Amino acid sequence: MASSSAAVADLRTRDADRTQQEILRAAMDEFAERGLGGARIDSIAERAGVNKRLIYYYFGAKDELFLAVLEQTYADIREAERALHLEMANPADAVRRLVAFTWNHYLAHPEFLTLLNSENLHRARHLKQSKRIREMNSPLIQTLADVLERGRSEGLFRGGVDPVHLYISIAGLAYFYLSNNHTLSTIFGRDLMSPKALSERLSHITEVVMGYVLRE
């Protein structure tokens with residue numbers, strides 16, 4: 001009897017986890033398309049195929065759900081970055097791999113950029129309330145710091161490279177181009193999202209970053 005009860009409890013837990021993930025993914029789409037102000041709980045419930053009372057039960061009000069979505073997007077990118085195993089790669093290859101990954105992740109997940117734009121409009125009001133965000137990001141910075149130190153000790157990298165500044169530069173070189181591609185394409189009269197342009201941009205970012213970290 002105890003075994004049967006445990007099985008039922010496990011099934012309920014898995015169902016609850018699955019339902020929460022479905023709500024988060026639906027909310028991610030809704031917030032990315034309409035922003036925090038335009039998003040509606042009713043629309044999120046319809047997208048997820050759940051009763052909206054479940055959203056309030058699991059996540060609370062819309063602001064709390066938006067924070068949960070932000071945390072999930074960061075968790076997703078950090079998990080994918082861990083799969084790169086930068087700590088095992090040659091230092092130069094590790095930096096190149098991180099540059100390429102960041103670029104390709106932003107390309108594959110435009111909703112990530114849109115959500116960040118929305119949160120910046122709110123001056124990171126939601127992320128400031130997060131108890132998870134700093135601990136999620138710290139391992140990546142430490143890994144990058146270790147890569148830079150290995151490169152320096154091997155005589156490959158210059159010294160004094162701040163891993164936080166370097167990561168911000170990598171992210172910024174990709175983020176600005178993609179989040180502003182419509183205006184930039186119009187201003188310069190070029191299709192900055194063509195396959196050729198995207199390939200050239202990744203090469204440019206890689207050359208800029210490696211030109212900075214490598215010793216002359």
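**A tour of aromatic rings and packed helices**

The structure holds five aromatic pairs. It is a predicted model, and the tour starts at one of these pairs.

**Stop 1: Tyr74 and Phe112**

Select Tyr74 and Phe112 and show their side chains. A pair of aromatic rings is described by the distance of the centres and the angle of the planes. For Tyr74 and Phe112, the ring centres lie 5.6 Å apart and the planes stand at 85°. Planes over 60 degrees apart count as edge-to-face, so this pair is edge-to-face. Now colour the helices. Tyr74 belongs to helix H4 (residues 62-82) and Phe112 to helix H6, so the pair links distant parts of the chain, 38 residues apart.

Are these two residues buried or exposed? Buried means under 20% relative accessible area. Tyr74 has 15% and is therefore buried; Phe112, at 4%, is buried too.

**Stop 2**

Tyr106 has a relative accessibility of 5%, so Tyr106 counts as buried. With Tyr74 shown again, the view holds a cluster: ring pairs link Tyr74, Tyr106 and Phe112.

**Stop 2: Ser118**

Stay on helix H6, which covers residues 110-121, and move along to Ser118. Its relative accessibility is 8%, so Ser118 is counted as buried. Which residues does Ser118 touch, once its neighbours within four places in sequence are left aside? They are Gly35, Leu36 and Phe66. Select these three to see what lies against Ser118.

**Stop 3**

Two packed helices are described by the angle between their axes and the distance between the axes.

To see the contact itself, select two groups of side chains:

- from H4: Glu71, Tyr74, Ala75, Arg78 and Glu81
- from H7: Ile133, Met136, Asn137 and Leu140

Sorted by class, the contact of H4 with H7 has five nonpolar, one polar and three charged residues.

**Last view**

Leave Tyr74 on screen. Tyr74 takes part in the contact between H4 and H7, and Tyr74 is also in the ring cluster with Tyr106 and Phe112.

Key:
Residues numbered from 1 in each chain as written. Predicted model: local features only at pLDDT ≥ 70, side-chain atom pairs only at ≥ 80, totals over all residues. Heavy atoms only, no water. Helix = DSSP H or I, 4+ residues; strand = E, 2+ residues; numbered from the N terminus. Buried < 20%, exposed > 50% of the residue type's maximum accessible area, 1.4 Å probe, protein only. Contact = heavy atoms within 4.5 Å. Phe/Tyr/Trp six-rings, centres within 6.5 Å; stacked < 30°, edge-to-face > 60°. Nonpolar A, V, L, I, M, F, W, Y, C, P; charged D, E, K, R; others polar.
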